[in-house]
Amino acid sequence: MGDAHRIGVVGLGVISRAYLDTLVGRDAVRVTAVADLDASRSAAVAAELPGVRALSVEELLNSPDVETVLNLTVPAAHAEIALGAVARGKNVYGEKPLAAELADAQAVLEAAAKASVRVGCAPDTVLGTGVQTARAAVEAGAIGRPLFASAVMITPGHERWHPQPDFYYAPGGGPLLDMGPYYLSSLVHLLGPVRAVIGASSRLRSERVIGSGPRAGERIPVEVDSHVSGVLEHEGGALTTLTTSFDGVGTTAAPIEVHGETGTLTLPDPNHFDGEVRLLELGGSDRRALPPSAGYVGGARGVGLLDFVAADGGRPARASGELALHVLETMTALLRSSAEGRRIELSTSVERPAPVPLTPVEQWR
């Protein structure tokens, strides 16, 4: 374990358990410290993990025993923690979005470049067998030339199950910034970066009611648009229609479909690592399931961080800060387009991440 890459975790909310389950006990990385604004929470987590210290956020950022900060704070704090880590010469890998505001995200990458440290960002679900098998099929010509895609995410809102849902309806939240990264990161893998967008959005309910936990029945304000639709123009010419909503009960629409000259691919939920990819060929009558042919088999939260660590000094990380910045600009441009009633051209682009070869669980774990 002496050569393991040392990780410090900031923010110990609901998602942290999934990361810790993946990271603890691995050869490539070692969690050395945890921190949370609630000191009792960090103490409780550290007590479960041998060799892990409970520190304050400031102590963790300054610790010489931390090489990369895993930033699992709420979106409004992403930039502050990331900039703090970078200023101390540490890499940072964060939950999505990269920051609540585009300018803050750009500042993080600029500071990291000056400090010669690296930035990575979720989601890493797109590195699983679901999206990667679909990407491999597109690149193998299974649907001919891709022409357009659709992406749909409709739920009644996370307040029904999350005991502390406030941040989903605060700046940096909403269905687009919360769930959009899964869909947009997938679309960049499948069709390449986005050059322009047209958006429309709405906020027809000013309050939401918490449905579970100690605050059940409490009303919280809605500060962001809860339904966002738009059209993405990809640099290669393909178009994507996108809908993200916290205002619908449900939908029968596929999470993502990619339509080409000779076929259509139906993808599973990009919020999951795996799932069935189905192909309908021109002239055929039935969709057939494609066997997994690419991606991290049995992927779990944190595989993107393992990929990030493995890429140090070699190929670019697949869950990179540059991809997260492009996705964030795409999302904020959709909201700007809705507010201003016009087409918005993007200022960023990104190279498509390297595809993930079919990688068995025992290899990446």
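Basis of the entries. I worked from a predicted model, in which local features need pLDDT of at least 70 and side-chain atom pairs count only at pLDDT 80 or more, while totals for chains, interfaces and linings use all residues. Residues are numbered from 1 along each chain as its sequence is written, and side-chain values use heavy atoms, with hydrogens and water left out.

I then examined R88 and E58, whose closest N and O atoms are 2.5 Å apart. This pair links distant parts of the chain, 30 residues apart: R88 is in the loop between α4 (75-87) and β5, and E58 is in helix α3 (residues 57-62). Helices (H or I, at least four residues) and strands (E, at least two) are DSSP runs, numbered from the N terminus. For accessibility I used these limits: buried is under 20% relative accessible area, exposed is over 50%, and partly exposed is in between (1.4 Å probe, protein chains only). R88 is partly exposed at 31%, and E58 is partly exposed at 44%.

Next I turned to K96, which forms a salt bridge with D178; their closest N and O atoms are 3.0 Å apart. K96 sits in the loop between β5 and α5 and D178 in helix α7 (residues 174-191), 82 residues apart. K96 is buried, at 10%, and D178 is also buried, at 9%.

I also recorded the salt bridge of R145 with E261, at 3.2 Å between the closest N and O atoms. R145 lies in the loop between α6 and β7 (146-154) and E261 in the loop between β13 (256-260) and β14 (263-267), so the pair ties together parts that are 116 residues apart in sequence. R145 is exposed at 52%, whereas E261 is partly exposed at 42%.

Entry on the backbone. I found that the peptide bond from K96 to P97 is cis, with omega near -10 degrees. P97 belongs to the loop between β5 (91-94) and α5 (102-115). A cis peptide bond also joins A122 and P123, with omega about 10 degrees.

Conventions:
Salt bridge = Lys/Arg side-chain N within 4 Å of Asp/Glu carboxyl O.
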